[in-house]
Amino acid sequence: MSTDHIIKSYDDEMTRLAGELMRMGGMAVDQLQTAITLVRNPRTARAVQVVEADTPIDMLERTIDTDAVRLLALRAPMASDLRQVFAALRIASDLERIGDYAVGIARRTMALVVAAPENPLQRLEHMADLALAAVREALDAYHEQDTTRARRVWIGDTSLDEAWTDLFRELLACMRDDASNIPTCAQMLFMAKHVERIGDHATNIAEHVWYAVKGEIMPSP
């Protein structure tokens, strides 16, 4: 993110805020990626690591909140700078929620008592890959201040929603056809919903980037 203010310390504070946000994003991506691997290979120890990783993310969100409020109070940013500060606050909140959903996925894997049916499992992994790619792309859009990439994330959420609908129907069919599938498929339904919500937060991040750069709400297609 480029800055060209007369006061160097102001530049430093804006750069630090962006850096903290990218670090938080990297932590959330790592947390989510680990949680996704547990869907096929549940391991309690790794799931616990995902849960424990949430505390540093929450702490970093509070740091970002503090730094953003300090910038608002002491620097009184205007125009694009003001939008960048507000975007950082909102994106940090979205990243915190993404971390929470990753924790939810990890905890659900610990509740799986039998192997998941293969077809729904593949669909869930596909959904998770879409969501993870969306989060990464949204963070790259923020880092590069790239509205084209932000727009791509926003449009791509349709594919994730469609994948969620398809998986929801298949899991219901699995439970209807064989009652023994109900406990596992129910856990997978919750995990799939977590993944769908992660995609929504990636879309939120993309919208914040668009507004921060352009100063307007992202238009509908």
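The expected span of a helix is 1.5 Å times one less than its number of residues. Hi everyone, let's keep that rule in mind as we look at this predicted model.

Start with helix 6, which runs over residues 147-177 and so counts 31 residues. The rule gives 45 Å for this helix, and the first and last C-alpha atoms sit 46 Å apart, close to that value. Along the way, helix 6 bends by about 25 degrees at isoleucine 155. Now look at where helix 6 starts: a side-chain oxygen of aspartate 146 comes to within 2.9 Å of the backbone nitrogen of threonine 148.

What span should its 33 residues have? At 1.5 Å a residue, helix 7 should span 48 Å, and the C-alpha atoms at its ends are 48 Å apart, so the two agree. Just after helix 7, you'll find glycine 215 with a positive phi of about 75 degrees.

Next, the largest pocket. Its space comes to about 170 Å³. Helix 5, helix 6 and helix 7 are the elements that each give two or more residues to its lining. Which helix gives the most? That is helix 6, with six residues. Among the lining residues are Leu130, Arg152, Gly156, Asp157 and Thr203. Sorted by class, the lining has five nonpolar, four polar and three charged residues.

Last stop: salt bridges. The structure has 13 of them. One joins aspartate 67 to arginine 70, with their closest N and O atoms 2.8 Å apart. Why do these two lie about one helical turn from each other? Because they are three residues apart in helix 3. An α-helix has 3.6 residues a turn, so residues three or four places apart point the same way.

Note on methods
Residues numbered from 1 in each chain as written. Predicted model: local features only at pLDDT ≥ 70, side-chain atom pairs only at ≥ 80, totals over all residues. Heavy atoms only, no water. Helix = DSSP H or I, 4+ residues; strand = E, 2+ residues; numbered from the N terminus. Bend = angle between axes of the 7 residues up to and from the residue. Polar contact = N/O pair within 3.5 Å; in protein donor to acceptor, adjacent residues only side chain to side chain. 1 Å grid on protein atoms, 1.4 Å probe; cavity = no way out; pocket = protein on both sides within 12 Å on 5 of 7 lines; lining within 4 Å. Points joined across faces, edges and corners; volume = space filled by probe spheres on them. Nonpolar A, V, L, I, M, F, W, Y, C, P; charged D, E, K, R; others polar. Salt bridge = Lys/Arg side-chain N within 4 Å of Asp/Glu carboxyl O.
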